[in-house]
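Colleague: I am new to this structure and would like to learn how to read its features one at a time. Could you take me through them, giving the general idea before each case?

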Amino acid sequence: MTSEHVDVLIVGAGLSGIGAACHLRRRHPGRTYATGGVPVPDARTDGCYINYPDLDLADPAWNTSGVSAAQLYYRGGYPRLQEVKARWDPRNVFRHGLSVVPPTSGS
């Protein structure tokens, strides 16, 4: 994998991210920007920010990183969050596209 330096990397933001990159390029032409990709946890990033649930991260056609959306957003805490979900919302009433899924009987 090649590592290219950019000043700002806008990840998983769809059209709003592309718009932000265009705006930044006009305002700060001396900087470099890139859009796209999946913020896989590594030495530079800790994953995703749940206040921006990006449904593309749950779609294998877009997220080809091999890291699940649950791991990107919740890291190792996902099994515990599933326990809490099972206790307080067993019928999965409160949900959105990337919310914690109740555990299946086998997990």
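Modeller: Let us begin with aromatic rings: rings of Phe, Tyr and Trp (its six-membered ring) pair if their centres lie within 6.5 Å, and planes under 30 degrees apart count as stacked, over 60 as edge-to-face and the rest as tilted. In this structure, ring pairs link Tyr73, Tyr74 and Tyr78 into a cluster. Please keep in mind that this is a predicted model, in which local features need pLDDT of at least 70 and side-chain atom pairs count only at pLDDT 80 or more, whereas totals for chains, interfaces and linings use all residues. Residues are numbered from 1 along each chain as its sequence is written, and side-chain values use heavy atoms, with hydrogens and water left out.

Colleague: How many aromatic pairs does the structure hold, and why is the pair of tyrosine 73 and tyrosine 74 given its class?

Modeller: A pair of aromatic rings is described by the distance of the centres and the angle of the planes. The structure holds two aromatic pairs; in the one formed by tyrosine 73 and tyrosine 74, the centres are 6.3 Å apart and the planes stand at 50 degrees, so this pair is tilted.

Colleague: Are tyrosine 73 and tyrosine 74 buried or exposed?

Modeller: Buried means under 20% relative accessible area, exposed over 50%, and partly exposed in between, with a 1.4 Å probe and protein chains only. Tyrosine 73 counts as buried because its relative accessibility is 10%, and tyrosine 74, at 19%, is buried as well.

Colleague: Which residues make up the largest nonpolar core?

Modeller: A nonpolar core is a set of buried Ala, Val, Leu, Ile, Met, Phe, Trp, Tyr and Cys residues joined through side-chain atoms within 4.5 Å. The largest one here has ten residues, among them Cys48, Leu57, Tyr73, Tyr74, Tyr78 and Val100. Helix α2, residues 69-74, gives the most to this core, with four residues; helices (H or I, at least four residues) and strands (E, at least two) are DSSP runs, numbered from the N terminus.

Colleague: Where do the buried residues of α3 lie around its axis?

Modeller: An α-helix has 3.6 residues a turn, so residues three or four places apart point the same way. In helix α3, residues 78-88, the buried residues are Tyr78, Gln82 and Lys85. Seen down the axis, they fall within an arc of 60 degrees (taken from the directions from the helix axis to the C-beta atoms), so they line one face of α3. The face turned away from that buried side carries the exposed residues Arg80, Arg87 and Trp88.
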